[in-house]
Amino acid sequence: GKAEEGRPGSFTKLSRQACLKAWQQDEAALEAAQERAVELSQSLLAFLHAAHPAQPVAMVRLDFMLLRLGPGQARVIFGEFCEMG
């Protein structure tokens with residue numbers, strides 16, 4: 001959601017269909033965002049493993065925020081990771 005003055009507000013998890021609706025059916029932007037999030041996640045997981053090689057975790061949740069910039073373009077921002085195990 002959005003707060004006043006266009007700043008981010010509360011967290012909202014959208015389905016793929018809801019995201020496409022909000023993004024004017026821009027599948028190219030959503031695909032670009034997903035590819036970038038996967039790319040970023042690989043670096044983040046490698047960093048986490050290198051920092052704690054003797055303490056692997058069963059599951060990690062990575063939170064990303066996405067913003068459609070225009071046709072076929074999106075910004076991906078990493079929020080946080082949480083150990084799930």
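Helices (H or I, at least four residues) and strands (E, at least two) are DSSP runs, numbered from the N terminus. The model is predicted, so local features need pLDDT of at least 70 and side-chain atom pairs count only at pLDDT 80 or more, while totals for chains, interfaces and linings use all residues. Residues are numbered from 1 along each chain as its sequence is written, and side-chain values use heavy atoms, leaving out hydrogens and water.

**View 1. Q34 in helix α2.** Q34 is found in helix α2. Q34 counts as partly exposed because its relative accessibility is 36%; buried means under 20% relative accessible area, exposed over 50%, partly exposed in between (1.4 Å probe, protein chains only). Between Q34 and F64 lie 9.8 Å in space, C-alpha to C-alpha, and the two are 30 residues apart in sequence.

**View 2. The largest nonpolar core.** Eight residues form this core: C19, L20, W23, A29, L30, A33, A37 and V76. Helices α1 (16-22) and α2 (27-51) each supply at least two of its residues. The largest share, four residues, is from α2. A nonpolar core is a set of buried Ala, Val, Leu, Ile, Met, Phe, Trp, Tyr and Cys residues joined through side-chain atoms within 4.5 Å.

**View 3. Contacts of C19.** C19 is in contact (heavy atoms within 4.5 Å) with L14 and L30, leaving aside its neighbours within four places in sequence.

**View 4. The loop between α1 and α2.** Q24 lies in this loop. Its phi is near 55°, a positive value in a residue other than glycine. Q24 counts as exposed because its relative accessibility is 62%. Q25 also lies in the loop between α1 and α2. The phi of Q25 is positive too, near 60°, and Q25 is not a glycine.
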